[in-house]
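Subject: Structure handover

Hello,

Here is the structure for you to open. Please keep it on screen while you read my notes below.

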Amino acid sequence: MAVIAKSSIVLPNKAIPLRRFFSLLALGLTVLLSSNGVFADGESGAEQLRQFVRSSKTAEGEFVQQQLRAPKANEPQDKGLKVIRQTQGRFVFQRPGRFIWDTQKPYEQKLIADGKQLILWDKDLNQATFRPAGQALAATPAAILFGETSLDQHFDLVEAEDRLGMKWVALVPKKNPNAKNGNDLPYTKISVGMANGLPKALELIDGLGSVVLVTLDKIQLNVNLPANRFTFVPPAGAEVLRLN
């Protein structure tokens with residue numbers, strides 16, 4: 001097992017870089033995909049994903065998130081990608097715009113969206129960072145979970161090769177004329193692995209070739225959630241940062 005190191009997401013007295021913040025957001029949100037529907041073997045991955053978006057209102061479950069890299073020149077080349085960081089925890093979401101991405105191991109950290117703002121709580125730092133949700137959600141993979149419109153408004157869904165027992169779907173962001181590189185996403189490739197109507201995995205690749213793989217388990221769909229489920233109040237004595 002690779003050595004697990006905590007990724008410093010919130011730095012004391014420093015603002016989180018926008019790209020890093022929404023990279024985490026995109027990752028934390030996009031992976032919360034699930035559906036109770038049963039699909040025929042011939043149902044395409046893209047259609048399964050569209051059906052999920054239409055039918056899922058709330059969900060909760062568990063996740064494992066791995067950061068991977070290709071072997072270096074002095075390492076064995078026949079063992080595939082190497083795990084350099086792994087975290088795990090629980091998630092819950094409610095359309096539109098509410099979620100909790102609760103990392104529990106190897107450290108405790110929560111990313112929360114309450115419909116108006118994004119909150120990052122780091123227990124070790126005893127620090128809560130707030131920033132407006134704004135329109136950025138619509139331009140990121142978070143639209144898969146929280147958007148009230150079709151996936152096809154923001155992405156082209158392209159069928160990919162079946163692997164690992166899943167039907168993979170590539171999400172190709174539509175061009176944004178206001179973005180420098182045609183879109184606002186930090187990823188060069190976004191793929192969702194579908195099986196029996198359930199998104200089982202998410203794969204994100206950035207411009208440097210880094211790979212993040214998230215797998216899901218123990219998903220419960222359309223659960224009843226209390227009205228205050230997404231309310232977060234920082235503990236007394238915690239440092240609070242508010243970013244514009």
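Is Asp156 buried, exposed or partly exposed? Asp156 counts as partly exposed, at 36% relative accessibility. Buried means under 20% relative accessible area, exposed means over 50%, and partly exposed lies in between (1.4 Å probe, protein chains only).

Some ground rules. This is a predicted model, in which local features need pLDDT of at least 70 and side-chain atom pairs count only at pLDDT 80 or more, while totals for chains, interfaces and linings use all residues. Residues are numbered from 1 along each chain as its sequence is written, and side-chain values use heavy atoms, with hydrogens and water left out.

Overview

The protein has 3 helices and 12 strands. Both are DSSP runs numbered from the N terminus: helices are H or I with at least four residues, strands are E with at least two. Of the 244 residues, 46% are buried. The accessible surface comes to about 12,700 Å², and carbon and sulfur atoms account for 50% of that. Those areas come from the Shrake-Rupley method with a 1.4 Å probe; for residues, only the protein chains shown count as cover. Now take contacts between residues at least 6 apart in sequence: 59% of them join residues at least 24 apart. Contact means heavy atoms within 4.5 Å.

Salt bridges

The whole structure holds 7 salt bridges. The test is a side-chain nitrogen of Lys or Arg within 4 Å of a carboxyl oxygen of Asp or Glu. Side chains of opposite charge can pair when their charged atoms come close.

Asp156 is in one of these bridges. The side chain of Asp156 meets that of Lys174 at 2.6 Å, N to O. This pair links distant parts of the chain, 18 residues apart: Asp156 is in strand 7 (residues 155-159), and Lys174 is in the loop between strand 8 (167-173) and strand 9 (187-195). Lys174 is partly exposed, at 31%.

Glu62 and Arg90 form another bridge, at 3.3 Å, N to O. They too join distant parts of the chain, with Glu62 in strand 1 (residues 58-69) and Arg90 in strand 2, 28 residues apart. Glu62 is partly exposed, with a relative accessible area of 26%. Arg90 is also partly exposed, at 31%.

Glu47 and Arg50 bridge at 2.8 Å, N to O. Both lie in helix 2 (residues 45-55), 3 residues apart, about one turn of the helix. Glu47 is partly exposed, at 31%, whereas Arg50 is buried, at 19%. A network of salt bridges links Glu47, Arg50 and Asp152.

Leaving aside neighbours within four places in sequence, its contacts include Phe91, Val92, Lys218 and Leu225.

Strands 2, 3 and 4

Strand 2 (residues 82-94) pairs with strand 3 (residues 98-105) in the antiparallel sense over 7 bridges. Pairing needs at least two bridges found by DSSP between the strands. Strand 3 also pairs with strand 4 (residues 109-114), again antiparallel, over 6 bridges. Val92 stands opposite Ile100 in strand 3, and Ile100 stands opposite Ile112 in strand 4. The hairpin of strand 2 and strand 3 has 3 residues between the strands, and Gly97 there takes a positive phi near 85 degrees. Strand 3 and strand 4 form a hairpin with 3 residues between them.

Cores

The largest nonpolar core has 30 residues; Leu49, Phe99, Trp101, Leu157, Leu171, Ile190 and Val214 touch the most other members. A second, separate core of 12 residues includes Val92, Ile100, Ala128 and Leu225. A nonpolar core is a set of buried Ala, Val, Leu, Ile, Met, Phe, Trp, Tyr and Cys residues joined through side-chain atoms within 4.5 Å.

One last residue

Ile205 is in strand 10 (residues 198-206). Ile205 counts as buried, at 19% relative accessibility. Ile205 and Leu68 are 137 residues apart in sequence and 9.7 Å apart in space, C-alpha to C-alpha.

Best wishes
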